[in-house]
Structure formats: C-alpha cells, structure tokens
Amino acid sequence: TGGVDCSGFVREVFKNVAKVNLPRTASEQAKAGIAIERLEHLRPGDRLYFWEKKRNKIGHTGIMLSGSKFIHSSSGKKGVAISDLADKKWQKILVAARRDEKLTNQGH
C-alpha cells in the first residue's frame with residue numbers, strides 16, 4: 001500500500017519484463033496493442049482495462065495470469081493483489097483487453 005498505482009504497476013512490469021514501453025495512464029494504455037475481443041481468447045500477459053464509474057472513464061488496469069486470475073495494484077488500498085476475473089464485480093466493469101504485438105510475435 002502507498003506504492004505504485006495500477007497503470008504504473010502495469011507499465012513497470014511491461015518495461016522491465018517484456019521491454020515494452022506503455023503510456024502512463026490506464027485509459028492511454030487501453031489504446032496500445034492488439035484488441036482482444038472475447039474473454040476466451042485471453043492469455044497470460046494480456047492487459048485488462050476496467051471502467052471507473054465515478055471518473056466516467058477507464059480507470060483501472062491489470063495483467064492476465066493463468067486461468068481466470070489477474071494481477072493488479074491499488075496504491076491506496078491493498079497494494080498488489082491477485083483477483084479472479086470470473087468474479088461478477090470485475091466482469092461487470094471490464095471494458096477492454098489488449099495484447100502487445102511484440103509478445104505475440106515472440107510467442108509469449
């Protein structure tokens with residue numbers, strides 16, 4: 001807690017692990033890479049984007065893990081956490097998923 005926010009977490013992971021540079025905010029990141037149109041096409045490493053009603057825009061992001069789990073960060077609440085995308089809470093606000101072209105071409 002008190003650490004990095006969700007978009008900063010995703011940005012740092014992609015920069016340090018995949019050597020991919022992403023924009024700073026979740027709403028900007030949601031425009032980068034290849035759109036994933038169906039939940040069943042999600043793979044580990046895909047980025048997830050969630051609608052934040054109070055700000056009326058994409059306001060949260062995370063990274064798909066295996067199964068239906070994803071990792072995300074909240075600097076003011078729990079810090080880095082693993083959640084289940086199958087949870088109705090997340091399904092209801094999931095608005096986009098993206099895959100980086102560089103990772104696709106490398107078969108990751």
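Residue F9 is located in helix α1, which spans residues 6-17; helices (H or I, at least four residues) and strands (E, at least two) are DSSP runs, numbered from the N terminus. The model is predicted: local features need pLDDT of at least 70 and side-chain atom pairs count only at pLDDT 80 or more, whereas totals for chains, interfaces and linings use all residues. Residues are numbered from 1 along each chain as its sequence is written, and side-chain values use heavy atoms, with hydrogens and water left out.

With a relative accessible area of 13%, F9 is buried, where buried denotes under 20% relative accessible area, exposed over 50%, and partly exposed the range in between (1.4 Å probe, protein chains only). Apart from its neighbours within four places in sequence, F9 is in contact (heavy atoms within 4.5 Å) with V4, I63, I71, H72, S73 and V80. The C-alpha atoms of F9 and G79 are separated by 10.0 Å, although these residues lie 70 residues apart along the chain. Helix α1 also holds S7, which is buried with a relative accessible area of 7%. When residues up to four places away in sequence are not counted, S7 touches R24, T25, A26, Q29 and T61.

A nonpolar core is a set of buried Ala, Val, Leu, Ile, Met, Phe, Trp, Tyr and Cys residues joined through side-chain atoms within 4.5 Å. The largest such core has 10 residues, namely I36, L42, L48, F50, M64, F70, L85, W90, L94 and A97. Two or more residues of this core are given by each of the elements β2 (47-52) and β6 (94-99). A second, separate core of eight residues includes F14, A18, I63 and I71. Within the largest core, W90 is in contact with F50, H60, F70, H72, S83, D84 and L85, leaving aside its neighbours within four places in sequence.

Strand β6 is largely enclosed by the rest of the structure, because five of its six residues are buried. Two strands pair if DSSP finds at least two bridges between them. Strands β2 and β6 pair in the antiparallel sense over four bridges, and F50 has L94 in β6 as its bridge partner. Strand β1 (residues 34-35) is likewise antiparallel to β6, to which two bridges join it; here I34 stands opposite R99.

The loop between β2 and β3 (57-64) contains K53. This residue, K53, is exposed, with a relative accessible area of 76%. K53 and I93 are 40 residues apart in sequence, and their C-alpha atoms are 8.7 Å apart in space.
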